[in-house]
Structure formats: C-alpha cells, structure tokens
Amino acid sequence: MHGKTAHELHNLLINKKTSSVEITQAVFARIEKAEDKIRAYVTLNKEEALEQARAADRQISRSPDIPISQLTGIPVAVKDNMCTKGILTTCSSKILSNYIPPYDATVVTKLKEAGAVIIGKTNLDEFAMGSSTENSANHVTRNPWNLEAVPGGSSGGSAAAIAAAEAILATGSDTGGSIRQPAAFCGVVGLKPTYGRVSRYGLVAFASSLDQIGPITKDMTDAAIMMNVMAGRDELDSTSVDLPVPDYRKALVNNVKKMRVGLIKELMGQGIDPEVKAAVKKAADTFANLGAEMIEVSLPSFEYAVATYYLIATAEASSNLARFDGVKFGRRSKAAKDILTMYYNTRREGFGPEVKRRIMLGTYALSAGYYDAYYLKALKVRTLIKQDFEKALGACDILISPTAPTIAFKLGEKTADPLSMYLSDIATIPVNLAGLPAISLPCGFSNKLPIGLQIIGRAFAEEIILRAAFTYEQNTDWHKAKPNV
Amino acid sequence: MKYETVIGLETHAQLLTQSKMFCACPTKFGAPPNTNICPICTGQPGSLPVTNKKAVELAIETAIALNCKIEPSSIFARKHYFYPDLPKDYQISQYELPLATKGHLEIEVDGQKKRIGITRVHLEEDAGKLVHVGAALPGRQAGRIMGSEESLVDYNRTGTPLMEIVSEPDLRSPKEAAVYMQTLANLLQYIGVCDARMEEGSLRCDANISIRPVGSKEFGVKTEVKNMNSFKAVDKALLAEEKRHIEVVEEGGRIIQETRFFDDITETTTGMRGKEYAHDYRYFPEPDLVPLEPESEWVAEIRKSLGELPAARKERFVGDLGLQPEIAGLLVASKSTADFLEETVKLYPKATAIANWLVGDIAAFLNENKKSFSQLELTPAQLAEILKLIEDGTLSNKIAKTVLLEVLKTGKQVKDVIAESGLTQISNENELNKIIQEVIKNNPKQVEQFKAGKETVMMFLVGQVMKLSKGRANPALANQLLKKNLAS
C-alpha cells in the first residue's frame, strides 16, 4: 500500500477497495520499519493523522454524491520549514527546537482542505541552507538507495521519505535547488514551480525572492495532482500571482512531437560527472526519438550564477533570520544577562555554522560601502541571467540539463568544503534567479544511485514541462525502480 | 555676527486606518497588552506582510494636499536594527523610492506667507512598546532597558501605519517650525488622515537644525532634536538648540553632528549618549512586497474626492462670506466645522453670526466636555433655527445660549427644549407690566432716585425685571414699559 502513488490510491479509495485509515496505518508501519535507517522525519503526527484519515473516510463514504478531492485521505509529509498549527516546526534549527506555530502555512491549509492527511514533518538542512541535509540540528537523513550517501538537500527528508515509501506525497521548498537536487539524488520527482505560483505564506523564509514551495512525488501524475491543490493566488502573499490555476493533470499528454528542446551547453561541460552527462545525453536522444526538435543552447551568464546567488540569497537570509533573537519565540540562551548578551548568546548557540556563515556573508553584502559592489551588482547579474533564459526560451519550449553535476555524494564528503557543496547546485540555482519553473525526474543510474534530469520551462508554463516530463516518464522505466530498504 | 537658522522637520503621522499597515489587526488604542496582534505583526516565522490599501490612499491624499508628485512606482525597504519592540528586527519602510516627492506647504508667519518645500512622503510601520521594570543602574535613568530587571513588550502598536513627511531645510526660525507643524497638523486633521495630536503621539517630529552666518550659502553642521511632544515644545526646543549653537560658535567651538534629546522641564537639549556607533541600517528592497504602483485613475479619483483644501477655503470664507481672516482660519482648521458653517449658511445667511457661535459657545462646550466636532449633538438646521429665533425676538441672546447648551447636551429639538422649559422671551405687554409693577414695588429707593433724575438707575431696574422673569423678558420692551410705568 505504502509503495503506491496517490492517483493509484485515489482509485482504490473511490472504489472503496481500501480506506484512508488503512493507508495511513500502512504508511506509519512502513515508517516504523524504515525510519531507523533513513531518518527522514523530525516529527510524526500519528494521532492527528489518524483522526484526519477517519474524517477523510467519512467524506469518501459520501462520495460520489459529494465529490472528493484527489488528495482526500492521502498521507502527505510536510517539510519542517512550513508552519503547521500546533505541530513543532523546527526548520532543523536548534533556535526553533521548541517552536510550535500558532498558524498553518497556506499550503498546509490547502492540503488539509483537500482532505490530505498530514503524517509528519521532514528533515532539512537548517533553514533550508544546504545541499545534503547534513546541516540539520536534528539528525542526518540517509539516501534510501545507499545509506552511506546523502539524500541531497535541503528537502532531503521529503525526498528520502518518498523514495523509501515512508510517505505517499511530500512538500519541499526550493531556493537554489532544494526540491530538485534531493529529488535527483533520491530518484523521485521534484517540481519547483514558477516564483509566485504557490503561496509562500507560512514557509519560514530563507531568501524571499527565490523561495518557492513545490511537490516531491513518486511520479508525474502525483506532481500534477499536488499542484492542482497547492497553486494559486493567496491574499496573504503579495508576491503570489493572480493567474488562473489550470488542471495540471490535463497537461499530462504523452506527446512531445515538434516540441523544441534546448540542451544547455554550459551544463554539459566541465565539472559534470561523465556518467551524469551520458544519461542526460541519452534523455536528449529519447526526446529526439519521440519527435522533439533538439537544439543546443548557450546561456553565457551561467558562469556567474552561483556567485550571484550566494550574494542575493545570503543578503535576504541575513534579514529574514534577524527575528530569531530570543525575544518572542524559539529558544533563548540561558546565558543571557542583558539585552545584548541575550541577542549574542541566543544566536551564537541557536544557529549552526552554515547558517552563521550565510548571515555573515549577507550582512556584509548589505553593509554601507559594500552594497553597490555586492548586492546591487548581483541584482544586475540576475537580470542578465533572466535575459539569457528569455532568449533561450524564445528559441525553445523547454530546456534540459542534469539536475545536479553528480550523483548523491557520500555522507561527510563535502561538509568540510562549503564551496564544493555550493557547486552541487550549479544547475538548479540559475532557475531560481530567473524565477522559472523546473522539474527533476529520474533518467538513469550511476553506481546504483539515481541520476536526475532537469526540465526548465517559461514562467507559468508548468503545463509544458509536465507534458514533456510525463512523455519521458511514459517512455522510460527509470521511475519504476525502487530502492531496497 | 548675525546668524541665520536653518531647520528641516521630519514628521511621523499615525494614519487613521481601521487596521494595521501590513495585517488585519485593529489599530485601536488602549486595548489590554498583546491583544491586537497576529502572526504577521509579531513577526512569526513564515508570516508575510500585505500592504493596507487604505493607508496608501490616505498617504496619497496627504501627498496631493501637499502638492507632491505621486511616484508611479515606489518600493518598500527593510531597515534593520535589533530591538525587542521590533518583532522582525527590521522595520518595513520606504527608502530610495518613496511614495511621493517634491511638494510644498504654505505657512503664514506674522502675516507673511511662505512656501516650505516637502522633500518626500512615505509609508512605514510603527514599532511596539517596551515597559522596563526594576531599578536602574547607578547613574542611569530608570525605565531604560539597560539595568532594568525585566522588560515587557506590548505589540499592540506594532505595525500601526505611519506616514513620514520630510520638509526641505526651508524653515528659518523655531517659530516658523512651530507654525509649520501646526499648519501641517491642521491639514492632516482637515483631510481626515490623522488626528494629529502631538501630546498623544499620533503626530511626532524630529528636527534638523543648524546655523550659518547671514548671507552664507553653505549649511552649518546640523544636530537632530528629538522628543518634542507639543507644538509649543517644538518652538522651545528649537529656541534652546538655536541658542546653544550660537553660544558654541561664538565661543569658538564646533557643533558636533549628533542626536539631542529635548527636556520639557529644563527646556534644554542634551546629547543622547549611549549611541556609541553610527547605525548601519542595511536598507534593501523588501522582497515580500511588490512595488507600490497606484493606478493613475485611482489617484485622480482620490484627488477629486479630496475637494477644496483649507487654504483655498479660508480665502473663500473671507472673500465670499465676509469673515475675518482669523475666524476663517479657526473654522477651516477642521473640515467638519467648516462644512457645518456652510450648511448653516444655506439656511441662515448671516455667516458672521454663525461663525461667532461656532468659534465661541460651541467650541467652548466641546472643549469643556473634551468632545470632538464629530461628536456634536447639533445640526446646522438647529443652529439656524436658534439664530432665526433670536432675530425675530422670540429668544434673547442669553436665552438662546441656554437653549443651545441644552441642545448640545441632549440633542433634543430646539422647539422641544423651549417648550419644556418655557424659555421663550416674554414680549406680552400685560405679562411684562405685571413683573414691572412688582419690581417698582420692591425697589422704592431706586424708583425715587430715578424720579430725582438719576437715569443710570434704569439699568438696575431693567436688571431686576430680567431677574424676576428668569431672563425671559424682552429687554428692549421691558426698558420701554418700565419708563412708561415710572413716568405715570
């Protein structure tokens, strides 16, 4: 049961072949079995989940007279940087180790309203800052394909939970690749929507102009189902865009004939693992064989993307994380003697080294005398990157590339070298800077670890990338492979 | 040497919105601590601001009234500093691109009109309130955060919409600065965007002041004066600071650029110590909000709805209605008073009489009862009715005042008040004659004096008639009948 997709379970539910309680119990049984090895979760919400499952079953019993949502009764795992009313929300940080939000993030509200069952909160790199989930103050999460490998990050808990069938669906957040890179490392599907497509209200902000919530799922159909529920304008998020939400399932058409597919030259060169390159090249051939028109495109400004990102993201982070000061919520240092030592000690004790590094970088970038040289210049380069994408996506309908330059690396392999860790987001970061939608899906294996294919689309053209990804999925078997946990 | 003083003012006005700048919490003053709060105004992780459209509208109204250019696109920015009353540890404000720029306000000092430039008008959010409990450190003021045993924070005020209005350094004396503040306050009240009470903090200002030798083109070193909590305090604080600047310079010293705190009791300013280092607020564009781009149709609508502004209205009151400039000035200080006058004039054409009642008895009543004009229990029709009754002799001025007071207190109809208390003037000769006979009988000595030619006694006797009639006797008729009676 736990290994099935949401759309498969939905069919069983409406045909009364199973119940939400049964599914939820199966998922918790799976968690019980696998969690020792994987450690995808920070908090389990078993009691409330079963209550939600019973409520879902009551709704299902009245269907089809009263129609139900495709998410009714389906267990969903929520990344632990999205606020859940009454449920611990730690952001995998010591500073929020005791934080119970008084409200639900809009995405959580929408999932609940659709009848989803919230089974728990998944591990992440502290405040979503990292690419391996090793920067978690909670614990390390392991890759279900190889317990010595990282699951990627920062949504490593969600991706590992989906890969290990510890959840049917999961939410992730993506600031520089945090949905797509762990999806690639864990061999699952991860979609980062266009900036503004999904409300950020209740997502604990890392970098506000880059953050976006999206689904992590077992296949493309489930990603479309989750998008149907999560997308849309939210009055509580001024940056969410007022565009109608299409039925993303209708975009799942097995046909890429005449579609113009651009292979990004800069992401097929140096620094990319040869086997990853080969798998992506093969994916390009698959698209060509299916009738797509393959084009090689160049985005010269990519060279500056990582540097630009680490100025903009850290600048915004330094501001967003100011509020964790021990005054109102979260953990306050016991060593506080007065206001200054309260601030200093709370933040010194509460934040991990990567978060501190980024706060310092960002504070520096915004400081008087440096603002123009760093932050302002980064904004200008960001515009160049956007323009490069606009040009490429004028000539192409979608762009493809590896999601990450390598397969999942070993635990501890990059923790001592932040710069090499940063470079594992080289293919995903430019997409956030441009605010575009992109998806990662499995396209092969290397050393028994999954390889991810990234498909990038025009702003608010999620339907096109879903269609391309769905066609690829229907014509390949990579998504059917499951890790042996 | 002769010096010229140069002053510029930064004014913060609390906008009269129902809800806060970036969330739906009420802005009501005086609620129990931390009751008007939500995840947004307490900066809970994950919460996001949403701009209050009404606040934008009020700021645009102000900008139009101050002859500003409304910027087609302005942006919010984050201003960072750590303090417990600031939940996010940054304030959402406007920095590089404000809502409106390049305006002016006309003030009148000693009969001279002067145009004061307005640099900018922008929107921002207020901070919360701290209460420090416990003893102070030796040598430090109690009630400060340093040294207190415990500090409590109330976030009710957090996120209240504030509008900052920055003037050009066009003011040349403390008096001009005080007049500017008063004129600005009147304008804000008049257009209904702020109740503009400096004493209550709904209008606050900081002043930048410097001196330079008369004729010099360059500015002197400025100081920033804070804590001026009334219009009078603006005048006094700047007089004190002006004097200090001159003294320092005359003694061969140099003014240091710093922030100074005005003490209302000693009427001096002191440097604010403890501000050891200059703040770097690390402003950057607020990524959680989209640029503020008011549609030109909307701005045009606001401009239209704003109607006639106080300066123009005052001119019209003087020119068309023949009011004294001073009285016209008092009337246009409040839109509702000016409107009331115009409504009443439609029913009773003598504007001066109406104006006198408005700035006289009615203003006095409101003052005494600490009521605002909007709480007035009197309609223009009622005032016109009373004035007509005076004119046709039904009410004496004195009775009319009593009637007015009763209407102000109870809101009853003028006719009912008069009927219930029998307050009409006695103009019936028989009735009056009876009273007069009584007065003659009771005051034989004065009657003798009158008959002996001491005519001034007449005043006393009329007074007695008024007294006996409880003020209801028609004084002119009483005078006439009294003379008749005494002559017989």
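This is a predicted model: local features need pLDDT of at least 70, side-chain atom pairs count only at pLDDT 80 or more; totals for chains, interfaces and linings use all residues.

Me: Which annotation covers residues 22–466 of chain A?

Reply: That one comes from a record. An unreviewed UniProt entry marks residues 22–466 of chain A as "domain: Amidase".

Me: And into which domains is chain A divided?

Reply: With a domain assignment, check whether a domain is one run of residues or several pieces. Here domain 1 of chain A is written as 6–259 + 402–480, while domain 2 of chain A is 303–378. Their centres, taken over C-alpha atoms, are separated by 27 Å.

Me: How many residues does each of those domains of chain A put into the contact?

Reply: Domain 1 of chain A gives 28 residues and domain 2 of chain A gives 23 residues. On the domain 1 side, α13 (418–422) and α14 (429–434) of chain A each supply at least two residues. The largest share on that side, three residues, is from α14(A). Sorted by type, the domain 1 side has 17 nonpolar, nine polar and two charged residues.

Me: Now chain B. What domains does its assignment give?

Reply: You'll find domain 1 (3–296), domain 2 (308–421) and domain 3 (429–487) in chain B. Between domain 2 and domain 3 of chain B, the C-alpha centres lie 33 Å apart. Four residues of domain 2 of chain B are in contact with four residues of domain 3 of chain B. On the domain 2 side, that's one nonpolar, two polar and one charged.

Me: How many residues of chain A are in contact with chain B?

Reply: To read an interface, count each side, then look at what supplies it. 37 residues of chain A are in contact with 26 residues of chain B. On the chain A side, α9 (305–320), α10 (339–350) and α11 (353–366) each supply at least two residues, and α9(A) has the largest share with three residues. By type, the chain A side splits into 21 nonpolar, eight polar and eight charged.

Me: What ipTM and pTM does the predictor give the complex?

Reply: The predictor gives an ipTM of 0.96 and a pTM of 0.88. For chain B, pLDDT averages 90, and 95% of the residues score at least 70.

Methods:
Residues are numbered from 1 along each chain as its sequence is written. Chains are lettered from A and ligands numbered from 1 in the order in which they are written. Two residues are in contact if their C-beta atoms, placed from the backbone, lie within 7 Å. Helices (H or I, at least four residues) and strands (E, at least two) are DSSP runs, numbered from the N terminus. Ala, Val, Leu, Ile, Met, Phe, Trp, Tyr, Cys and Pro count as nonpolar, Asp, Glu, Lys and Arg as charged, and the others, Gly among them, as polar. UniProt positions are given in the numbering used here, feature names are shortened, and annotations may be inferred rather than shown by experiment. Domain bounds come from an automatic or database domain assignment. pLDDT is the predictor's confidence in each residue, from 0 to 100.
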